[in-house]
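Biologist: Please put the sequence and the structure on screen. I will then ask about particular places, one at a time.

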Amino acid sequence: MKFRKIGVLTSGGDSPAMNATIKAVTCSALSRGVEVVGILGGYSGLIHENLRPLTKKDVSGIISLGGTIIYSDRCVEFKTEEGMQRAIEVCRKNQIDGIVAIGGDGTFRGATDLSIRGIPCIGLPGTIDNDITATDYTIGYDTAMNTVVKLGDQLRDTCESHARCNIIEVMGRNAGYIAIESGLALNAIGVAIEEIPFDKELLFEKMKASRAAGQRSFIVVVAEGMGAEFSEQLLKEIPEKTGIETRFVRPAHIVRGGIPTLRDRNLATMMGDKAVDMLLAGKSDLVICSRHDKVVATDIKFALILDRMYKNKLKEHDLDSFTPHQIKEMEAICEERRAYFKDIYDVMLTVGC
Ligand code: ADP
């Protein structure tokens, strides 16, 4: 099939470098003689025919911008058969031959639904949470971590002045990636993530011993997935158990915005170009991943079931359509992820103070 025009959309929670991704997709397609249309506001833009042609001039200066110039949204209507059919009609009417969908796992489900109904789609992992198990890095994750580190460094300054502890609760949905990486970089004395049981008593003991040895400031990082009650409880308990004055900060959506880092921009660029490659090669229903520093294409179904395996949420027939080789590969990736958390956590327990 000869591609004349492709659509690009950003959907679900936004992330830094979504714009860099849009830029890469647009420039990659235009330089191969394929037109690009921005679908405004994710899948709802498709249903409501909110489309905007994108030229090189439109995207030339956006690589360094946070947010997404084609907006993001959550669209419940798209999940209905009626909404889906309307989206397909809009594609046909506007001669959109394929779509690059940038977002998280929900966005990929939508992309699969379109793919199986005859609209070729390629997914790109745009989320700060890094919670797509099939890829080592998602677009926006690096910037979000660096934003947390910048905020944490500033908190450290004032904690040091006042001999305080500061708890920082960071986004990441149910994944502890941002928390563990930024905790390590901030020299946190404790990091609470869902992936590893948290030993509060050990934290209190370490804090008391460090304070007795003269340490003034402490940073504790808590992952959003632990729940707001966990942070509130810790905020009460640290002063009670250690005598150390403690404050609490939740940067929340601040870490979703901002100028993307070099790593995110370049990941976005490599992945965006690969997505266009795949579409033009007649491929569909794939998500572009980074595995061991290589940009590769993975089946969306593989990626979604892998996520469920990693979260121990597999349903009865989930693995039926996969070969033993694929199942082994999934198990190996899950193992790699668990080892990753354990390795960093162990180092942090030893050297974090
Ligand atoms: P994310 O992509 O960040 O995980 P969401 O889960 O909110 O964010 O999904 C983004 C959008 O993708 C939804 O608003 C909806 O339009 C679409 N979507 C999510 N799940 C499905 C699904 N099961 N089938 C079709 N579309 C879906």
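Biologist: Is Arg-291 buried or exposed?

Modeller: Arg-291 is part of strand 10 (residues 286-291); helices (H or I, at least four residues) and strands (E, at least two) are DSSP runs, numbered from the N terminus. Buried means under 20% relative accessible area, exposed over 50%, and partly exposed in between, with a 1.4 Å probe and protein chains only. Because its relative accessibility is 17%, Arg-291 counts as buried.

Biologist: What pLDDT do side-chain atom pairs need in order to count?

Modeller: Residues are numbered from 1 along each chain as its sequence is written, and side-chain values use heavy atoms, with hydrogens and water left out. This is a predicted model in which totals for chains, interfaces and linings use all residues, local features need pLDDT of at least 70, and side-chain atom pairs count only at pLDDT 80 or more.

Biologist: How far apart are the C-alpha atoms of Val-37 and Val-8?

Modeller: Val-37 belongs to strand 2 (residues 35-39) and counts as buried, at 8% relative accessibility. Val-37 and Val-8 are 29 residues apart along the chain.

Biologist: What is the phi of Ala-17?

Modeller: Most residues other than glycine have a negative phi. Ala-17, in the loop between strand 1 (5-10) and helix 1 (18-30), is buried with a relative accessible area of 0%. Its phi is positive, near 80 degrees.

Biologist: How far is Gln-215 from Ala-163 in space, C-alpha to C-alpha?

Modeller: Ala-163 has a positive phi of about 55 degrees although it is not a glycine, and is found in the loop between helix 6 (141-162) and strand 6 (165-170). Gln-215 lies in the loop between helix 8 (200-212) and strand 8 (218-223) and is buried, with a relative accessible area of 19%. The two are 52 residues apart in sequence, and their C-alpha separation is 8.0 Å.

Biologist: What arc do the buried residues of helix 10 cover around the axis?

Modeller: The buried residues of helix 10 are Asp-264, Leu-267, Ala-268, Met-271, Gly-272, Ala-275, Val-276, Met-278 and Leu-279. They lie on the same side of helix 10, because their arc is limited. The arc is that of the directions from the helix axis to the C-beta atoms. Its value is only 160 degrees.

Biologist: Which exposed residues are on the face of helix 10 turned away from its buried side?

Modeller: An α-helix has 3.6 residues a turn, so residues three or four places apart point the same way. The face of helix 10 turned away from the buried side carries two exposed residues, Leu-262 and Met-270.

Biologist: Which helix gives the most to the shell around the ligand?

Modeller: There are 15 residues around the ligand, where near means one heavy atom within 4 Å. Arg-74, Cys-75, Gly-104, Asp-105 and Thr-107 are the closest. With six residues in the shell, the one that gives the most is helix 5 (residues 105-116).

Biologist: How much of the ligand's accessible area does the protein cover?

Modeller: A polar contact is taken here as a pair of N or O atoms within 3.5 Å. Ligand oxygen atoms lie 2.9 Å from a backbone N or O atom of Gly-104 and 2.5 Å from a polar side-chain atom of Thr-107, and a ligand nitrogen is 3.0 Å from a side-chain N or O atom of Asp-113. Of the 550 Å² of accessible area (Shrake-Rupley method, 1.4 Å probe) that the ligand has on its own, the protein covers 83%.

Technical notes
A polar contact is a pair of N or O atoms within 3.5 Å; within protein, one must be able to donate a hydrogen and the other to accept it, and residues adjacent in sequence count only if both atoms are side-chain atoms.
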